[in-house]
Amino acid sequence: MPTISRGRTPLTLINVFTVPPEKQDELIALLTDVTRHNVRHHKGFISASLHRGIDGNKVTMYAQWASIEDYQSMRQNSGPAPALEQALKLATFDPGMYEVAEVFLPDKA
């Protein structure tokens, strides 16, 4: 389950894919498959969620890892590589690593 709290841990990745609208579903299926069958089984994986852009041009993955090292270890593993290469044939990719600066919740009545 995602945990959102201030600080550098867990590591937050927000990866934005820009995709032609007719390829959006294909990209989501590809990312779902590689995450379900490979990525989530790596040490340090906490959670991931896929977000479909309403206009059809974006797919965003919000993911959390225990550490940068755990994430980099997964990226060096050959298991997810073919799917990630295929994703780059469907879309452009703007990756980002973040730390949470602030968290806002509604006031409790």
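The chain's secondary structure comes to 3 helices and 5 strands, where helices (H or I, at least four residues) and strands (E, at least two) are DSSP runs numbered from the N terminus. This is a predicted model, in which local features need pLDDT of at least 70 and side-chain atom pairs count only at pLDDT 80 or more, while totals for chains, interfaces and linings use all residues. Residues are numbered from 1 along each chain as its sequence is written, and side-chain values use heavy atoms, with hydrogens and water left out.

**Whole chain.** Colour by secondary structure and follow the chain from the N terminus: the elements run β-α-β-β-α-α-β-β. The C-alpha trace spans about 45 × 35 × 20 Å along its principal axes. Of the 109 residues, 35% count as buried (under 20% relative accessible area; exposed is over 50% and partly exposed in between, with a 1.4 Å probe and protein chains only). Among contacts (heavy atoms within 4.5 Å) with a separation of 6 or more, 76% are between residues 24 or more positions apart.

**Helices α1 and α3.** Select residues 24-37 for α1 and 81-90 for α3. Two packed helices are described by the angle between their axes and the distance between the axes. Here the angle is about 165° and the axes are 10 Å apart; axes are lines fitted to C-alpha atoms, for helices over the stretch in contact, and angles run from 0 to 180 degrees between N-to-C directions. α1 and α3 are therefore roughly antiparallel (angles over 145 degrees; under 35 is roughly parallel, 65 to 115 roughly perpendicular and the rest oblique). To see the contact, show Glu26, Leu27, Leu30, Leu31 and Val34 in α1, which meet Ala83, Gln86, Ala87 and Leu90 in α3.

**Helix α2.** Next select residues 68-76, where Asp70, Tyr71 and Met74 are buried. Seen down the axis of α2, these buried residues fall within an arc of 100°, so they line one face of the helix; the arc is that of the directions from the helix axis to the C-beta atoms. They pack against β1 (7-18), β3 (58-65) and β5 (97-100). The face turned away from the buried side carries the exposed residues Glu69 and Gln76.

**Histidine 42.** Last, select histidine 42 in the loop between α1 and β2 (45-52). Is histidine 42 buried or exposed? Histidine 42 counts as buried, at 17% relative accessibility. Leaving aside neighbours within four places in sequence, histidine 42 is in contact with Trp65, Met74, Asn77 and Pro80. Of these, Met74 is one of the buried residues of α2.
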